Amino acid sequence: MTTYVMPDEKGHFGIYGGRFVPETLMQAVLELGKAYEKAKNDKNFQQDLAYLLKEYVGRETPLYYAENLSKHANGAKIYLKREDLNHTGAHKINNTVGQALLAVRMGKKKIVAETGAGQHGVATATVCALLNLECVIFMGEEDIKRQQLNVFRMELLGAKVVSVTSGSRTLKDACNEALRYWVSNVTDTHYILGSVMGPHPFPMMVRDFQSVIGKETKQQYNEKFGKNPEAIVACIGGGSNSMGMFYPFIEDSEVQLIGVEAAGHGIDTEQHAASLTKGKPGVLHGALMYLLQDHAGQIQEAHSISAGLDYPGVGPEHSYLKDIGRVQYESITDEEALEALKLLCRLEGIIPALESAHAVAYAIKHAQTMTENESIVVCLSGRGDKDVQTIQANMKEAL
Amino acid sequence: MNRIEKAFHSLKENNRKAFVPYLMAGDGGLDQLMDQLIFLENCGATAIEIGIPFSDPVADGPAIQEAGIRALQSGTSLKDVLVAIQTIRPIVSTPLILMTYMNPIYAYGIGSFIHDAVKAGIDGCIIPDLPIEEEELIAPYLQDANIELIRLVTLTSPLERIEEIAKKGRGFLYAVTVTGITGARTEFNDSVSKYLKDIKSVSPIPVLAGFGISTPEQVVELGSYCDGVVVGSKIVQYFHEKKLSEIEHLIQASKTADVS
C-alpha cells in the first residue's frame with residue numbers, strides 16, 4: 001500500500017467522518033482541532049503524555065505469547081497485546097490521559113464523557129481525579145445495571161454518574177445525553193469522547209492517542225522476530241482499540257488486519273451490533289459512518305452481551321477502511337465470545353473483558369487456517385473483572 | 001420569489017414581526033397534520049416549521065424529544081410526511097419549512113428527498129446537525145430546487161463566523177438564543193439583546209430568534225431585538241395538551257411586538 005494520509009483537513013475519511021454537530025458546538029470543535037494540532041507538535045505535551053503513560057498507566061504493556069492457547073488452536077502462534085494490564089484495566093486510559101492533558105492546556109475545568117461498559121467512564125474519572133478536573137459521566141440505565149462495579153468505581157474516584165433513561169438506555173443514548181450536556185456547557189467543559197467517533201478531530205485524535213498500542217506491538221514483535229506478524233485481530237464497538245492497534249500497520253500490506261464486531265445472537269437476527277457487516281452509511285453523533293438503521297434512517301438498537309460493543313455505529317475511519325478493503329471485518333456471537341473467554345481463563349489464567357473475548361474467539365478460528373510458523377497478535381483490550389456477574393448469569397453450565 | 005421571501009416582504013410592508021411555530025409531524029398521528037397547519041395559518045403564522053421525528057435528536061430538549069418518540073411510535077417517517085404535505089399543500093398557503101436531522105434525509109437519498117420535497121411544496125429546510133462546513137452535501141441541490149436552507153447561528157459563534165453564515169443565508173437566519181438544547185427557559189442571558197442586535201447589523205436577511213421562547217412576554221421582548229421569533233417546545237406541548245387557545249395567544253403576542 002502507498003502512503004496512507006487520513007483524514008483530510010475537514011476530518012473526512014473518504015465520504016466518512018466530518019463535523020455533523022449543532023452550530024453551538026462548532027466553535028468548540030474548531031478550537032479543539034487547533035489545540036490538538038498545536039499539542040501534537042509540542043515537545044512538552046508529548047513529554048508529559050509519555051511520562052504519564054509510563055509512570056502512571058504502566059506502559060509498555062507486554063506482548064505475551066499465549067503458548068497454551070496456541071497449542072489448543074493448533075495453527076498459528078497467538079500473541080496477546082496485554083492492554084488489560086494498563087491502570088484501570090483497559091486501553092481506554094491511553095486516550096483519556098491524552099485528552100485530559102489537552103483539556104488542561106485549553107483551560108477547561110470540567111469534563112463530560114459517555115460510557116458503555118464503564119471502562120471509558122472509569123478511565124475518565126481516574127484522570128480527572130489525577131488532574132483535578134470536575135467530572136460528569138453519562139451512562140445508560142441498562143448499562144448501569146450490567147456494570148454496577150464500574151459505576152461504584154467512578155463514584156469512588158469522585159465522578160458524578162448520571163443515569164440515562166432515554167432510548168435503548170445504552171451507549172448510544174449516553175452519547176446523546178453527553179452531547180446535549182456539552183451543548184449546554186460548552187464554554188468551560190471538554191468532552192472526552194471515548195472512541196474513534198464523533199465530530200472531527202475526535203476520530204483522528206483518539207486514534208492517535210490509542211496508536212501507542214500498535215506502535216509498541218510493532219516494535220516488540222520486530223525486536224523478537226525482525227518482521228511484522230502475519231495477522232492482527234481486535235474487537236470493534238466504536239473501534240478505538242482496533243484503530244490504535246491497526247493504524248501503525250496500515251501501510252504494511254503484508255499484515256492482515258481483522259476487526260471483529262459483536263454478532264450478538266447472530267447477524268441474521270435483529271439482535272447484534274455488527275454495524276459494518278449489516279449497516280449502511282449515515283450520520284450520527286457528529287460523523288458520517290456505517291450505522292444500524294431502518295429504511296427511514298431511524299437508528300436501531302444494537303445488542304451485544306458486552307456493553308462496550310453495544311453501539312449501532314462504528315468510527316468513520318473503520319467505515320473507510322472497510323470500503324477500501326484494507327481491513328477485513330468479521331463478527332463473533334455472544335456464545336462464541338463466552339466460550340473463548342472460558343478458554344482463555346482455563347488455558348492462560350487470564351480473564352479477558354467480554355469485548356476482548358470477541359477478538360480471542362476470532363483469533364482461535366483464524367489461527368486454525370494458518371501455520372505454526374505464522375503469528376496472530378490479538379489486542380486484549382481489557383480485563384474481565386467488570387464482567388464476572390454477566391458471565392455468571394450467562395453461563396449455561398456450572399463450572 | 002420563494003414563499004418565505006414573499007412572507008417576509010409582506011411583513012415588512014405591514015411593519016410586523018414574524019412568528020414561526022414549530023410542530024412535530026405525527027405527534028398525535030399524521031392525520032392531525034392538516035388541521036394543525038390550517039389552525040396555525042389561521043392564527044397568522046408567518047411560516048410553519050414541520051419537525052421530522054428522529055431517534056437521536058441531540059439538539060432537542062425533553063418536550064421535543066418526547067413528541068418525537070410519540071410520532072415515531074405512531075409510525076411517522078419523512079416519506080409519509082412529504083406525502084401528507086403534498087395533499088395538504090393546495091389548502092395551506094403559508095410557507096412550510098422542514099426541520100430534520102441529517103440522517104433521515106441521507107437514508108432517503110438526497111436526490112429523491114429533494115425531488116419529493118419539491119413535489120410536496122416545501123419552501124425551506126432546517127438541518128440542525130449540518131454546520132456550514134458540511135453543507136456542500138445538500139445545499140447546492142436545495143438551491144437548485146428553490147428550497148431555502150435556513151442556517152443557524154448561536155451565542156457561541158464568533159461575529160466573523162455569524163457574518164459568514166449570514167452571507168450564505170437564504171430565507172431567514174435562525175439565531176439560537178440559548179447555549180443549549182431546545183426547551184422553555186424562564187429567562188435569557190443579558191447578552192442576548194446585544195447578540196441579536198449584532199446579528200441584525202451583519203445579516204442581509206431577516207433574523208429570527210429561537211430556542212427557549214415560551215411566553216407572550218418573551219415573544220414581544222425577543223422580537224423587539226430582531227425580526228421575529230420561532231417557538232417550538234411550547235407549541236408542541238400545547239398541541240399535545242390540546243390547549244389551542246394558548247397557541248393563539250402566543251402568536252397574537254407577536255402582533256403587538258414593537259417594530260423599531
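Which residue forms a salt bridge with A:Lys278? The partner is A:Asp268, with the closest N and O atoms 3.4 Å apart; a salt bridge here is a side-chain nitrogen of Lys or Arg within 4 Å of a carboxyl oxygen of Asp or Glu. Before we go on, note that this is a predicted model, in which local features need pLDDT of at least 70 and side-chain atom pairs count only at pLDDT 80 or more, while totals for chains, interfaces and linings use all residues. Residues are numbered from 1 along each chain as its sequence is written, chains are lettered from A and ligands numbered from 1 in the order in which they are written, and side-chain values use heavy atoms, leaving out hydrogens and water.

Back to that first pair. A:Lys278 sits in helix α12 (residues 275–278) of chain A, and A:Asp268 in the loop between β10 (256–264) and α12, 10 residues apart. Helices (H or I, at least four residues) and strands (E, at least two) are DSSP runs, numbered from the N terminus. A:Lys278 is partly exposed at 41% relative accessibility, whereas A:Asp268 is exposed at 71%. The cut-offs are under 20% relative accessible area for buried, over 50% for exposed and in between for partly exposed (1.4 Å probe, protein chains only).

Over all chains, the structure holds 38 salt bridges. In chain B, B:Lys200 pairs with B:Asp227, their closest N and O atoms 2.8 Å apart. This pair joins helix α9 (residues 192–202) to the loop between α10 (216–225) and β9 (228–231), 27 residues apart. B:Lys200 is partly exposed at 33%, but B:Asp227 is buried at 19%. Back in chain A, salt bridges link A:Arg59, A:Lys81, A:Glu83 and A:Glu216 in a network.

Now let us turn to where the chains meet. Chain A brings 36 residues to the contact and chain B brings 34, contact meaning heavy atoms within 4.5 Å. Together they bury about 2800 Å², 54% of it on carbon and sulfur atoms; buried area is the accessible area (1.4 Å probe) that two parts lose on being put together, summed over both. Two salt bridges are counted between the chains, and A:Glu23 forms a salt bridge with B:Arg161, the closest N and O atoms being 2.7 Å apart. On the side of chain A that touches chain B, the elements giving two or more residues include α1 (23–40) and β11 (280–284), and α8(A) gives the most, with eight residues.

Helix α8 of chain A also holds A:Lys172. Leaving aside neighbours within four places in sequence, A:Lys172 is in contact with A:His285, A:Ile299, A:Tyr311, A:Pro312, B:Ser55 and B:Asp56.

Finally, the interior. A nonpolar core is a set of buried Ala, Val, Leu, Ile, Met, Phe, Trp, Tyr and Cys residues joined through side-chain atoms within 4.5 Å. The largest one has 191 residues, of which A:Trp182, B:Ile50, B:Leu98 and B:Phe113 touch the most other members. Its largest share, eight residues, comes from α1(A). Beyond four places in sequence, the contacts of B:Phe113 include B:Leu78, B:Leu82, B:Leu98 and B:Ile138. A second, separate core of 38 residues has A:Leu338 and A:Ala357 among its members.
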